[in-house]
Amino acid sequence: MSAPTLARRFVAAAVLCLGGAGVQAQVPNANYAIDPTHTFVNYEVAHFGTSTNRGRFDKKEGTVVFDRAAKTGKVEVMFELGSVSTGVAAMDKHLQSPDFFDTAKFPTAKFVGDKFVFAGDKVTEVVGNLTLRDKTMPVTLKALNFNCYMNPMFKREVCGGDFETTIKRSQWGVNYGLQFGIPDDVRLEIQIEAIKQ
Amino acid sequence: MKSVLVGAVAAAAALAAAAQPAVYVLDPQHSFVSFEVLHFGTSTLRGRFGPLNGAVTIDRAARTGTVSLRIDTSSVSTGLPAFDARLRQSDLLASEAHPQAYFVSTRFRFDGDAVAAVNGEFTLRDVSQGLELRALRFGCHTHPQLRREVCGGDFEGEIKRGDFGASFGMPFIANRVRLVVQVEGIRQ
């Protein structure tokens, strides 16, 4: 399902709920669809204490419900783990194997953030849950940048930013190499932009 | 007297050995340049070039080093093939006319035994400018399979892409580009 389709369903569901409550059919939250061209998860893992290995997930979809006035929001993003890209084909293949993501069994990872922390009208943190390999654990994303702007091509408001967090991969059962020094800590760098629907 | 002589000979031999610069060839699995550019003042666009080709020499006793590396500009990878194709066009990387970018340096700054910064010249689209790459971390380890010394680290630097003529989309897509370089070299 494409991101706009998901967004439309969400809007439809919201309108239906309101209708049921006898309120005017008006969407209370600003609804945004994730712009997949400006939404990526990059990760960083230290390599033998020497340099940093990086990778990225290329296929994703999701939606954001965001209300600056009410200071609330909800984000749902799903990533295809088979789209991992490191620049080294053998590494991508190993990451997809049961040693790491086991994409045959667990093709996607999902982040659902339902608590948005604000400073003024800027989002500073998103608190939620990350599901990977069928395990769901809490994660807090910290905003490094957050902004909304009028995009001249879409002629719509776009909100987004850069978020980061460091997770321990063993919490999701990704334990390969821990005993021979591949670190448990994985830093996630998340770029996200979402277009007002 | 004899022991002093032996000591002097041993010291001279040690010096001679230390004065040999060690040569490292870049490991294609762990040598990439990532770039970061701010998009509409909102979020950070990222992409990757690599693997990098090249060699590094380090003389830890003399605190000197050299690096010479090539970057295939068409290897740019953002995760979006349409984006990559746009980046290769003439108002950005101009990959057809300028298939390679280069970084060369003969000025290494050390902090103790570790490389702290590398000052050199970066060439993109045939324009050369000074570039300092600062080490965020630097270290050496013995590779368990290769049983050879591997030295490397993470370096960061900054360019203004407009200075190189890669100016499409400014100022909505920033002029300032942060470069994050992962590099590991295998001792020869």
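Leaving aside neighbours within four places in sequence, which residues is H47(A) in contact with? Here are my notes on that and the rest.

1. **Ground rules.** This is a predicted model, so to speak of local features a pLDDT of at least 70 is needed, while side-chain atom pairs count only at pLDDT 80 or more, and totals for chains, interfaces and linings use all residues. Residues are numbered from 1 along each chain as its sequence is written, chains are lettered from A and ligands numbered from 1 in the order in which they are written, and side-chain values use heavy atoms, with hydrogens and water left out.

2. **Confidence.** Chain A has a mean pLDDT of 87, with 85% of its residues at 70 or more; pLDDT is the predictor's confidence in each residue, from 0 to 100. Watch residues 1-28 of chain A, where pLDDT is below 50, although this stretch has 27 contacts in the model beyond near neighbours in sequence. A contact here means heavy atoms within 4.5 Å.

3. **H47(A).** Back to the opening question: setting aside neighbours within four places in sequence, H47(A) touches N53(A) in its own chain, plus H30(B) and E184(B). H47(A) sits in strand 2 (residues 40-47) of chain A. Helices (H or I, at least four residues) and strands (E, at least two) are DSSP runs, numbered from the N terminus. H47(A) counts as buried because its relative accessibility is 11%, and the cut-offs are under 20% relative accessible area for buried, over 50% for exposed and partly exposed in between (1.4 Å probe, protein chains only).

4. **Chain A overall.** Chain A has two helices and 11 strands, in the order α-β-β-β-β-β-β-α-β-β-β-β-β from the N terminus. Of its 197 residues, 48% are buried. Among contacts in chain A with a separation of 6 or more, 56% are between residues 24 or more positions apart. The chain exposes about 9,500 Å², and carbon and sulfur atoms supply 58% of that (Shrake-Rupley method with a 1.4 Å probe; for residues, only the protein chains shown count as cover).

5. **Chain B overall.** Chain B has two helices and 10 strands, running α-β-β-β-β-β-α-β-β-β-β-β from the N terminus. Buried residues make up 46% of its 188 residues.

6. Strand 7 (residues 108-119) and strand 8 (residues 122-132) of chain A pair antiparallel over nine bridges; pairing needs at least two DSSP bridges between the strands. V117(A) has E125(A) in strand 8 as its bridge partner. Two residues lie between these strands, and G120(A) takes a positive phi near 65 degrees. Strand 8 then joins strand 9 (residues 135-151) of chain A through eight bridges, also antiparallel, with L132(A) partnered by K135(A). This hairpin has two residues between the strands as well, and R133(A) takes a positive phi near 50 degrees.

7. **The interface.** The contact takes 31 residues from chain A and 33 residues from chain B. About 2,600 Å² is buried between the chains, 50% of it from carbon and sulfur atoms; buried area is the accessible area (1.4 Å probe) that two parts lose on being put together, summed over both. T42(B), R46(B) and R48(B) supply 23% of what chain B buries against chain A, more than any other three residues.

8. **The cross-chain salt bridge.** One salt bridge is counted between the chains, meaning a side-chain nitrogen of Lys or Arg within 4 Å of a carboxyl oxygen of Asp or Glu. E189(A) and R46(B) form a salt bridge, with the closest N and O atoms 3.4 Å apart. E189(A) and R46(B) are both buried.

9. **Salt bridges within chain B.** R86(B) and D91(B) form a salt bridge at 2.7 Å between the closest N and O atoms. R86(B) is partly exposed at 24% relative accessible area, and D91(B) is partly exposed at 26%. D154(B) and R137(B) make another, at 2.5 Å from N to O. D154(B) is in strand 9 (residues 149-160) of chain B and R137(B) in strand 8 (residues 127-142) of chain B, 17 residues apart. D154(B) is buried at 0% relative accessible area, whereas R137(B) is partly exposed at 40%.
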